[in-house]
Amino acid sequence: MASRSAERAAAFAKKHDIPQAWESVQALAADDEVDIVYVATPHSHHYLPTLQLLEAGKHVLCEKAFAYNASQARTMFDVAREHQRFLMEAMWTRCNPAIREMRRAIKEGMIGEVVSVNGNFSFAGDIPPSHRLRNLELAGGALLDLGVYPITLAHLVLGKPDSVQAHSVMDTTGVDAQTALTLKYPNAIAQLSCSYRGGPASEVTISGTLGRIELRDYAYRPSGYTLVRYEESPREFEAPYVGHGYVHEALEVHRALRQGRLESTLVPPQSTIEVMEIMDEARAQIGLRYPGETHPR
């Protein structure tokens, strides 16, 4: 366990019975006994630490949002390939058992041709301006932290859109507090939203010409889904996740490495980059730039 603060690293290690703590990413990267590192820092601190770890010969699982923008994401994957190291976005939704079963059902034509995705991830709370969600310096905002989930689900079933339209309500801190997106595809539309100032239930509905699939409550981490084929009774499908749900992304990393692969099939690099491109376009439209960053496109 490493942290930007040696004291915090030591305290965290003691609390969770972790045998060793490193005072910095550099110290962690220099440890020859470390094979894989999980980067779970704020979004603003994904890019450089990941590059340092890859260049030191470590495999990396890096949290979402993967980077500031798609340009950084491409560089990260390029460096991973250059050093022959494994790199994957820690997008637990794509590794979730229910989502994997849902994707299989869609591919088998259970709801016909997908024509729309409607999704939201919102909550309300007393969030201080210094919190990473509201902090411009930490690449905060609803889009990168919350919107990435419904965007990922839309991308999972529809791929890269032809166009993106975005509208936001901005926070006084300079980040987006609430964002609505419309993704246009040749034969489908995704209408997505995210907010930390309240909003609809955090649910996703994927509709097709023959029926729909409903992901309720924690749509980004479901334990099952409802299949509604038109003129038929709804059917419930259960596919529970292990623990809090994070374990499945770790299992995917180990599965890929055991098979001698340096890229995931569940969370492929191109999908991560394309989701970042969608968010880049949205940020360009709402005028959200982070300190030291050039235009997100």
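A residue is called buried when its relative accessible area is under 20%, exposed when this area is over 50%, and partly exposed in between, with a 1.4 Å probe and protein chains only. By this definition Thr93 is buried, with a relative accessible area of 1%. The model is predicted, so local features need pLDDT of at least 70 and side-chain atom pairs count only at pLDDT 80 or more, while totals for chains, interfaces and linings use all residues. Residues are numbered from 1 along each chain as its sequence is written, and side-chain values use heavy atoms, with hydrogens and water left out.

Thr93 belongs to helix α5. Helices (H or I, at least four residues) and strands (E, at least two) are DSSP runs, numbered from the N terminus. Not counting residues up to four places away in sequence, Thr93 touches Ile99, Tyr149, Leu153 and Tyr220; contact here means heavy atoms within 4.5 Å.

Arg221 lies in the loop between β9 (211–215) and β10 (224–229). Its relative accessibility is 16%, so Arg221 counts as buried. With neighbours within four places in sequence left aside, Arg221 is in contact with Trp92, Asn96, Tyr241, His244 and Gly245.

The next element is an open sheet of 3 strands, in the order β1-β2-β3 and with parallel pairing. Strands β1 and β3 (87–90) stand at the edges with a single partner strand each, so one side of each has no neighbour in the sheet. On average, neighbouring strands of this sheet are turned by 20° against each other, direction ignored. Two strands pair if DSSP finds at least two bridges between them. Strand β1 (residues 36–39) and strand β2 (residues 59–63) pair in the parallel sense over 4 bridges, and Val37 stands opposite Val60 in β2. The chain goes from β1 through helix α3 (residues 47–55) to β2, a β-α-β crossover that is right-handed. That term applies if, with the strands pointing away from the viewer, the path from the first strand over the helix to the second runs clockwise.

On its other pairing, β2 is joined to β3 by 4 bridges, and the two run parallel. The bridge partner of Val60 in β3 is Leu87. Helix α3 packs on the sheet, touching β1, β2 and β3, and its direction makes about 170° with that of β2. Such angles run from 0 to 180 degrees between N-to-C directions, with axes fitted as lines to C-alpha atoms, for helices over the stretch in contact. As for the faces of β1, Val37 and Val39 form the covered one, and Ile36 and Tyr38 the uncovered one.

Which residues of α3 are buried? They are Pro49, Thr50, Leu51, Leu53 and Leu54. These buried residues of α3 pack against α2 (25–29), β1, β2, α4 and β3. After α3 comes Gly57, with a positive phi near 90°.

Helix α4 (residues 70–82) has 13 residues and reaches 18 Å from its first C-alpha to its last, close to the 18 Å expected at 1.5 Å a residue. The expected span is 1.5 Å times one less than the number of residues. Buried residues of α4 include Ala70, Met76, Phe77 and Ala80. The buried residues of this helix, α4, pack against α3, β2, β3 and α9 (269–286).

Helix α8 (residues 247–258) has 12 residues and reaches 16 Å between its first C-alpha and its last, close to the 16 Å expected. Its buried residues are His248, Glu249, Glu252, Val253 and Ala256. They cover an arc of only 150° around the axis, which puts them on the same side of α8; the arc is that of the directions from the helix axis to the C-beta atoms. An α-helix has 3.6 residues a turn, so residues three or four places apart point the same way. The buried residues of α8 pack against β1, β2, β3, α5 (92–95) and α6 (97–107). Gly260, which follows α8, has a positive phi near 75°.

Further pairings involve β7 (residues 189–195). Strand β4 (residues 114–122) and β7 pair in the parallel sense over 7 bridges, with Phe121 opposite Cys194 in β7. Strand β6 (residues 176–184) and β7 pair in the antiparallel sense over 7 bridges. The bridge partner of Thr182 in β7 is Gln191, and a hairpin joins β6 to β7 through 4 residues.
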